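Hello,

Here is the structure I promised to pass on. Please open it alongside this note.

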Amino acid sequence: MEIWINPACSKCRGALTLLDAEGADYTVRRYLDDVPTEDEIRAVLDRLGLEPWDITRTQEQAAKDLNLKDREAWPRDASARARWIKALTEHPKLIQRPILTADDGTAVVARTEEAVRDALSR
């Protein structure tokens, strides 16, 4: 299992606490320091079953600077998918956190205790 975290994030710290309490075997990736490549983001999106705009933190300043909420400038469709992924690699703070990869090849955005437990049960 791997968990993408920002140590400053309370949801990330909560997920780590639960993983430790459950004795889970996992690797921590501080994705702001070890920025995922475009291929890694594509792979995690496939595992999540989501699109890049689904894991984008649109309230971050970088999102506002890029005007990501403007659906004409940033359509949420297949034609814009690569552009969204590039934005996430160039501005990793935009990536929703924590993301936990499960042993069965899936992944979850582990913002709740239920999501962490779901990943642990796979």
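The largest nonpolar core has 20 residues, and Ile55, Ile95 and Ile99 touch the most other members. A nonpolar core here is a set of buried Ala, Val, Leu, Ile, Met, Phe, Trp, Tyr and Cys residues joined through side-chain atoms within 4.5 Å. Buried means under 20% relative accessible area, exposed over 50%, and partly exposed in between (1.4 Å probe, protein chains only). Two elements give two or more residues to this core: helix H2 (38-48) and helix H4 (81-90). A second, separate core holds 17 residues, including Met1, Ala15, Leu16 and Leu18.

Before you read further: this is a predicted model, where local features need pLDDT of at least 70 and side-chain atom pairs count only at pLDDT 80 or more, while totals for chains, interfaces and linings use all residues. Residues are numbered from 1 along each chain as its sequence is written, and side-chain values use heavy atoms, with hydrogens and water left out.

What does Ile99 contact, leaving aside its neighbours within four places in sequence? Its partners are Glu2, Ile3, Trp4, Val44, Leu48, Ile55, Val108 and Val109. Contact means heavy atoms within 4.5 Å.

Now the strands. S1 (residues 2-5) and S2 (residues 27-30) pair in the parallel sense, over four bridges. Pairing requires at least two bridges found by DSSP. Ile3 stands opposite Val28 in S2. From S1 the chain crosses through helix H1 (residues 10-21) to S2, and this β-α-β crossover is right-handed. That is, with the strands pointing away from the viewer, the path from the first strand over the helix to the second runs clockwise.

The protein chain has five helices and four strands. Both are DSSP runs numbered from the N terminus: helices are H or I with at least four residues, strands E with at least two. From the N terminus, the order is β-α-β-α-α-α-β-β-α. The radius of gyration is 14 Å, close to the 14 Å that the globule rule gives for 122 residues, so the chain is as compact as a globular protein of that length. The radius is taken over C-alpha atoms; the rule is 2.2 Å times the number of residues to the power 0.38. Buried residues make up 43% of the 122.

Thr58 sits between H2 and helix H3 (61-66). Is Thr58 buried or exposed? Thr58 is buried, with a relative accessible area of 18%. Beyond its neighbours within four places in sequence, Thr58 contacts Ala63, Lys64, Lys69 and Arg76.

Best wishes
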